[in-house]
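Hi everyone, and thanks for making time this morning. I'd like to walk you through a structure that may be new to you, so please have a look at it first.

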Amino acid sequence: MAYKNSLLTGVTDLLVLFILDRQDSYVYDITKTISRESEGLLSISQNTIYTAVYKLEEAGMISEYSKLVGRKRTRVYYHLEPAGKEHLMTLSENYSNITNGVLNILNRQGDGVSTDESASN
């Protein structure tokens, strides 16, 4: 579904920054965290997460470091930088305003979509 994908692409940076604000993480773990915490409603591919972290790293919002896992394997972790923290706050506010605005419009339509379960009972 193309609409779902374009909506999800718009929030990927927000989700990545939010997860990294809690703790340093690697791409596979970020992907699994999004799926788990959204209770399976959001599924973002590792390729999409890689694209986001490369872009955020290039912009100086996150940094990476390698950590030895086991005897020979290294894993690349990403860390939220101060610029990323500021960007996260801006994205969160913008997302909240957009979401609230859309919900206000949808909820004002007489027989439109309702996010309040009690309205449908």
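Met89 sits in helix α4. If you find Leu17 as well, you will see that the two C-alpha atoms are separated by 9.5 Å, although Met89 and Leu17 are 72 residues apart along the chain. Before going further, please keep in mind that this is a predicted model.

Now the overall layout. The chain holds 4 helices and 2 strands, and going along the sequence the order is α-α-α-β-β-α. It has 121 residues, and 25% of them count as buried. If we take the contacts with a separation of 6 or more, 47% of them are between residues 24 or more positions apart.

Let's move to the inside. Which residues have the most contacts within the largest nonpolar core? That core has 20 residues, and the ones to look for are Val16, Leu20, Ile30, Ile49, Val53 and Ile62. Helices α1 (2-22), α2 (27-37) and α3, together with strand β2 (73-80), each supply at least two residues of the core. The largest share comes from α1, with 7 residues. As a general point, nonpolar side chains tend to be buried together in soluble globular proteins.

Leaving aside residues up to four places away in sequence, Val16 touches Ile30, Ile49, Ala52, Val53 and Leu56.

That brings us to helix α3, which covers residues 46-58.

Next, the charged pairs. How many salt bridges does a search of the whole structure find? The count is 4. One of them is between the side chains of Asp13 and Lys55, at 2.7 Å from N to O. This pair links distant parts of the chain, since Asp13 is in helix α1 and Lys55 is in helix α3, 42 residues apart. Is Asp13 buried or exposed? Its relative accessible area is 14%, and the cut-off for buried is under 20%, so Asp13 counts as buried.

Another salt bridge joins Asp21 and Lys85, with the closest N and O atoms 2.9 Å apart. Here too, distant parts of the chain are linked: Asp21 belongs to helix α1 and Lys85 to helix α4 (residues 82-108), 64 residues apart. Asp21 is partly exposed, with a relative accessible area of 32%, and Lys85 is also partly exposed, at 36%.

Then there is the salt bridge between the side chains of Glu37 and Arg36, at 3.8 Å from N to O. Glu37 is partly exposed at 45% relative accessible area, while Arg36 is exposed at 52%. These two also belong to a network of salt bridges that links Arg22, Arg36 and Glu37.

On to the strands. How do β1 and β2 run relative to each other? They are antiparallel, and 8 bridges join β1 (residues 62-69) to β2. If you look for Val69, its bridge partner in β2 is Arg73. The hairpin of β1 and β2 has 3 residues between the strands, and in it Gly70 takes a positive phi near 80 degrees.

I'll finish with one more backbone detail. Glu39 is not a glycine, yet its phi is positive, at about 55 degrees. You will find Glu39 in the loop between α2 and α3, where it counts as exposed, with 74% relative accessibility.

Methods: Residues numbered from 1 in each chain as written. Predicted model: local features only at pLDDT ≥ 70, side-chain atom pairs only at ≥ 80, totals over all residues. Heavy atoms only, no water. Expected span 1.5 Å × (residues − 1). Core = buried A, V, L, I, M, F, W, Y, C linked by side-chain atoms within 4.5 Å. Buried < 20%, exposed > 50% of the residue type's maximum accessible area, 1.4 Å probe, protein only. Contact = heavy atoms within 4.5 Å. Pairing = 2+ DSSP bridges.
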